[in-house]
Amino acid sequence: MSKKDDRVKDLAPKTEPKPITSEGKTAPKQQKANDGSKLQIPPRRIGFILSRPDMPLNCQEELEKKKQLILVGQLRAAESHNKIQNMRQHYRAMRADEVNLLISSQPTARKAIRLEALLPPYQEEIHLKDTLNKLERKRVEEIMSDEAGVTINRTL
């Protein structure tokens, strides 16, 4: 035989005859264990670690699996955060373009300035700051919780 025939012979699938059951159908192929009584379960892949389903993971493998799951979660969260930020930036840019187009299409400068004052292209962020100290906060809460109005009603 030549070398080519050997390679073809090596690549050819090695099939075994399937056993026939009583109904005439072929039975599924089963792998036998060393003792011949149990089915051998093929190993499954967990992350980067090969393990068997019937064998418990050791501590190192469990730790690696947890680290990998945490890392995947963090990557997904970062990806979604980045996607949301990009969408917000895109929306703001499109809105600014539309407002600028509206302003530039006004017939007079006075109308354009009025529209720009009422509808700015870029919205400024509003930073709300609590200006009340503890005593003032307590007084406001006391007034708000007074159902009968005894705190602020005055009789002259």
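How many residues does helix α2 have, and how far does α2 reach from its first C-alpha to its last? I looked this up first.

**Entry: ground rules.** I am working with a predicted model, where local features need pLDDT of at least 70, side-chain atom pairs count only at pLDDT 80 or more, and totals for chains, interfaces and linings use all residues. Residues are numbered from 1 along each chain as its sequence is written, and side-chain values use heavy atoms, with hydrogens and water left out.

**Entry: helix α2.** I found that α2 covers residues 59–104, which is 46 residues, and reaches 67 Å. That is close to the 68 Å expected at 1.5 Å a residue (1.5 Å times one less than the number of residues).

**Entry: the elements.** I noted four helices and two strands in the chain, in the order α-β-β-α-α-α from the N terminus. Helices (H or I, at least four residues) and strands (E, at least two) are DSSP runs, numbered from the N terminus.

**Entry: burial.** Of the 156 residues of the chain, 7% are buried (under 20% relative accessible area, with a 1.4 Å probe and protein chains only). In α2, I listed Arg95, Ala96, Val99 and Ile103 as buried. Their cover includes α3, residues 109–118. I also looked up contacts (heavy atoms within 4.5 Å). Among those between residues at least 6 apart in sequence, 11% join residues at least 24 apart.

Conventions: Buried means under 20% relative accessible area, exposed over 50%, partly exposed in between (1.4 Å probe, protein chains only).
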